[in-house]
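Below is a colleague's note on how the parts of this protein are arranged. Please keep the structure open while reading the points.

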Amino acid sequence: MKSELIKYLTDLVAINSVNPDLSRDGQGERKVAKYVHNFFLGLGIPSEVHTIQDDRCNTTAFLEGNSCDKILLMNGHLDTVGIEGMNDPFILRKDGDRLYGRGTYDMLAGCAVQMGLAKYFSENPCPISLAFSFVADEENLSMGMEYLVQNFLPTLSAKPFLGIFMEPTEEAIGISHKGYTWYELKIKGLAAHGSRPEEGTSAIFPLSSALKELESINRELSQEKPHPYLGNATLHPGLIHGGTAQSVIAAEATLNWERRTLPGESQEKLDTELSRVISAVADAPGNHQVMGKQIYSRPPNEADDEPLIQKLREAAGGQGYNGMSYWADSALASQAGIPSILFGPAGHGAHAIDEWVSESSLLNCYQAMKSFILGFNS
Ligand SMILES: [Zn+2]
């Protein structure tokens, strides 16, 4: 299977699947979705390309096993981040155990594993049914996964008993990951000549109160009891805009921050933090006005340490459980009632210019998944 897996990965890397909302080099996932679709049809496994909008596409395939209603959901995202600064990002290059190329690690290798499993189980009996899914846009707003949850999962004859998202986890079981919430704070002042500040109201000075409050909240978060796999929740100010010219009292300022959330944190707690920042700015000296709101949110994900996941862990060589710092589409499957975890190969350079996946680890993941599935025979 090794040469087949490398062939699939070579093909996947060769098709530009850069997310067009993240980079001008992107053209959408239609081409790569069609490639995967044709691969499944070639194996005699029913498959479909789902167009979400324009050239943003998912591919799904369904292999009916001996048990029709015991369905394992497997998932990978087809999109990659941009290729700026990379030499030959679309040519798979082997150097020892390393397979270089954009998307090798995050996460076309995981997609290649799904293809390898499809090949194997198209030729051998499969004890359970396999729902293969390849989605668009995980690197941005997850329109692919949202579409899958709304339009594909309900068409299955039963709810999958487990979702395995083959993001890179260094062969550990990614049993949990953080969520995130975005906030925007707008401060309104009054423009005036820089030499006559008494005629205006600076919208930028009060930002310091917001930043100080965010620092306090962040410190408090760092002192909370850490999550066993994810550590502490954090926040950081990611964007600041304000003012129109150096010689003008700034009439407007905007601050955006991101809060990385842990399983079990309540919306109430998050709302209180937002109120604290708004109050700090409102109480700052000056006649400014302040408005703050939550603008976007994705939930964290956590699966229970149940026998099924222990089985996968054993199949994967008994590696430990891990918490992933990054957010992943698995949270949306969990929200839809499918317990979901991450499991994928080792490598390096997700979103970096020197991205590679370990060839031996790619093979290990394939073997682990295969024996996990075959384990349902007994
Ligand atoms: Zn990824």
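Which residue in β12 does E184 stand opposite?

1. The model is a predicted one.

2. Where the domains touch. Nine residues of domain 1 are in contact with eight residues of domain 2. On the domain 1 side, the elements giving two or more residues are β8 (173-177) and β14 (321-324). The largest share on that side comes from β14, with three residues. Sorted by class, the domain 1 side has five nonpolar, three polar and one charged residues.

3. Strands of a sheet pair through backbone hydrogen bonds, either parallel or antiparallel. Here the sheet is open, its pairing is antiparallel, and its strand order is β10-β11-β9-β12. The edges are β10 (234-242) and β12 (289-298), each of which pairs on one side only. On average, neighbouring strands are turned by 20° against each other, with direction ignored.

4. Strand β9 (residues 179-188) pairs with β12 in the antiparallel sense, over nine bridges. This brings back the opening question: E184 stands opposite K293 in β12.

5. Helices on the sheet. Helix α5 (residues 207-223) packs on the sheet and touches β9, β10 and β11 (252-261). The direction of α5 makes about 170° with that of β10. Helix α6 (residues 267-282) lies across β9, β11 and β12, and runs at about 155° to β12.

6. How α5 meets α6. Two packed helices are described by the angle between their axes and the distance between the axes. For α5 and α6 the angle is about 145° and the axes are 8 Å apart. The crossing is right-handed. From α5, the residues in this contact are S209, A210, K212, E213, L214 and I217, and they meet E273, R276, V277, A280 and V281 in α6. By class, the contact has six nonpolar, one polar and four charged residues.

7. How α3 meets α9. The axes of helix α3 (residues 104-123) and helix α9 (residues 359-374) come within 10 Å and cross at roughly 45°. The two helices are therefore oblique to each other. Their crossing is right-handed. On the α3 side the contact is made by A109, A112, V113, G116, L117 and Y120, and on the α9 side by L362, C365, Y366, M369 and K370. By class, there are nine nonpolar, one polar and one charged residues in this contact.

8. How α7 meets α9. Helix α9 also packs with helix α7 (residues 307-315), at an angle of about 135° and with the axes 8 Å apart. That angle makes α7 oblique to α9. The crossing of α7 and α9 is right-handed. K311, L312 and A315 of α7 make the contact with A368, S371 and F372 of α9. This contact has four nonpolar, one polar and one charged residues.

Technical notes
Residues are numbered from 1 along each chain as its sequence is written. This is a predicted model: local features need pLDDT of at least 70, side-chain atom pairs count only at pLDDT 80 or more; totals for chains, interfaces and linings use all residues. Two residues are in contact if their C-beta atoms, placed from the backbone, lie within 7 Å. Helices (H or I, at least four residues) and strands (E, at least two) are DSSP runs, numbered from the N terminus. Ala, Val, Leu, Ile, Met, Phe, Trp, Tyr, Cys and Pro count as nonpolar, Asp, Glu, Lys and Arg as charged, and the others, Gly among them, as polar. Axes are lines fitted to C-alpha atoms, for helices over the stretch in contact, and angles run from 0 to 180 degrees between N-to-C directions. Angles under 35 degrees count as roughly parallel, over 145 as roughly antiparallel, 65 to 115 as roughly perpendicular and the rest as oblique. A crossing is left-handed if the near helix is turned anticlockwise from the far one by less than a right angle, and right-handed if clockwise. Two strands pair if DSSP finds at least two bridges between them.
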